[in-house]
Amino acid sequence: MVITLFDSNNGKFSNVLRFHWQSLGHEVRYTPLWDPRLVEGADVVFFEWADTSIQRASNPDDPFYKELNCTFPKGKTRIICRCHDIDMWCHNLRGIQKGFMEDLIFIAKHTARIAHEREEDNADRVHIIPHGIDLDKFTF
């Protein structure tokens, strides 16, 4: 499987996912900033934040599409976004075109609830996958 991963925080949260997917034999394309050329041929596109990368990707009028003479391969590629609390508090989900994401992941139940109350959870499926601490990294 080919997975394209956009993470504007330089992998702070997504490196664990990226290395895990690579260990399973998947081809993982990683970049911090939105680049539609990396989406071509991808089975999954994972946006680590609900930031400008996914906002631009969801906008068919984005200048990057026109400059490169391309479009997002909607329908051929599964689109997943992990929304962090700061994304929800800053209303970043409002900048994503409705119907663009298949899956929206929240890191906590309360953020998912608040986004739902604000009608900002505009994905086909919403999931809660809590952040955790890798206890193997600490000695008690």
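**Notebook: fold, surface, cysteines**

I read the elements of this predicted model from the N terminus as β-α-β-β-α-α-β-α-β-α-β, with helices (H or I, at least four residues) and strands (E, at least two) taken as DSSP runs. That comes to 5 helices and 6 strands.

Next I looked up the radius of gyration, which is 15 Å, close to the 14 Å that the globule rule gives for 140 residues, so the protein is as compact as a globular protein of that length. The radius is taken over C-alpha atoms, and the rule is 2.2 Å times the number of residues to the power 0.38.

Ground rules I noted: residues are numbered from 1 along each chain as its sequence is written, and side-chain values use heavy atoms, without hydrogens and water. Local features need pLDDT of at least 70, side-chain atom pairs count only at pLDDT 80 or more, and totals for chains, interfaces and linings use all residues.

I checked burial: 44% of the 140 residues are buried (under 20% relative accessible area; exposed is over 50%, partly exposed in between; 1.4 Å probe, protein chains only).

For contacts (heavy atoms within 4.5 Å), I took pairs at least 6 apart in sequence, and 63% of these join residues at least 24 apart.

Then the cysteines. I found 0 disulfides in the whole structure, a disulfide being a pair of cysteine sulfur atoms within 2.5 Å. For C70, the nearest cysteine sulfur is that of C81, 20 Å away. For C83, the sulfur of C81 is again the nearest, at 6.2 Å. C83 counts as buried because its relative accessibility is 0%, while C70, at 24%, counts as partly exposed.
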